Every structure is written in structure tokens, then in C-alpha cells.
Amino acid sequence: MPEKATRENEMFEYEIATARRADLIREADRYRAVREAKKAARTSRSQESERTVSRHRGLFTRAA
């Protein structure tokens, strides 16, 4: 009987470790995705030239 309990305990620990590993992988993927999105936002902000036009909106006439 104790041998069976030990084997069940080992399987339970293995399942917990497998679930924890999957959680850590998902967490790392989310972290990478957020970091890449922030980097992309910074890059696109620095490349925008349209922002300067918005400050001088009164200098232009409206089109249709």
C-alpha cells in the first residue's frame, strides 16, 4: 500500500510541476509580448511626423 501511495504522490508532484512550467511559459510569453508592444509604440511615436501639423492646424484651410 505505501508503494502505491508513493507512486501516486510522485505523479501528483509531476503534474504540479508540469502545470507550473506551462504557467511560467505563458507568463514569459505575455511579458515578451508587452515588452515588444511598448518598443513598437516608442518606435512608431518617434517616426510620426504628423504630430507637428496638429500644432499648426489654424494655418491651413479646410478641404471640403
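The protein chain contains 2 helices and 0 strands; both kinds of element are DSSP runs numbered from the N terminus, with helices (H or I) needing at least four residues and strands (E) at least two. Keep in mind that this is a predicted model, in which local features need pLDDT of at least 70 and side-chain atom pairs count only at pLDDT 80 or more, while totals for chains, interfaces and linings use all residues. Residues are numbered from 1 along each chain as its sequence is written, and side-chain values use heavy atoms, with hydrogens and water left out.

How many of the residues are buried? Of the 64 residues of the protein chain, 0% count as buried, a label for under 20% relative accessible area, with exposed meaning over 50% and partly exposed in between (1.4 Å probe, protein chains only). The accessible surface of the chain is about 6700 Å², and 55% of that belongs to carbon and sulfur atoms; these areas come from the Shrake-Rupley method with a 1.4 Å probe, and for residues only the protein chains shown count as cover.

Now for the charges. The whole structure holds 2 salt bridges, each defined as a side-chain nitrogen of Lys or Arg within 4 Å of a carboxyl oxygen of Asp or Glu. One of them joins Asp23 to Arg26, with the closest N and O atoms 2.4 Å apart. These two residues are 3 residues apart in helix α1, so about one helical turn separates them. Asp23 is partly exposed at 35% relative accessible area, and Arg26 is partly exposed too, at 45%.

Have a look at Asp29 and Arg32 next: their side chains meet in a salt bridge of 2.8 Å, N to O. Asp29 and Arg32 are also 3 residues apart in helix α1, about one helical turn. Asp29 is partly exposed at 42%, as is Arg32 at 38%.
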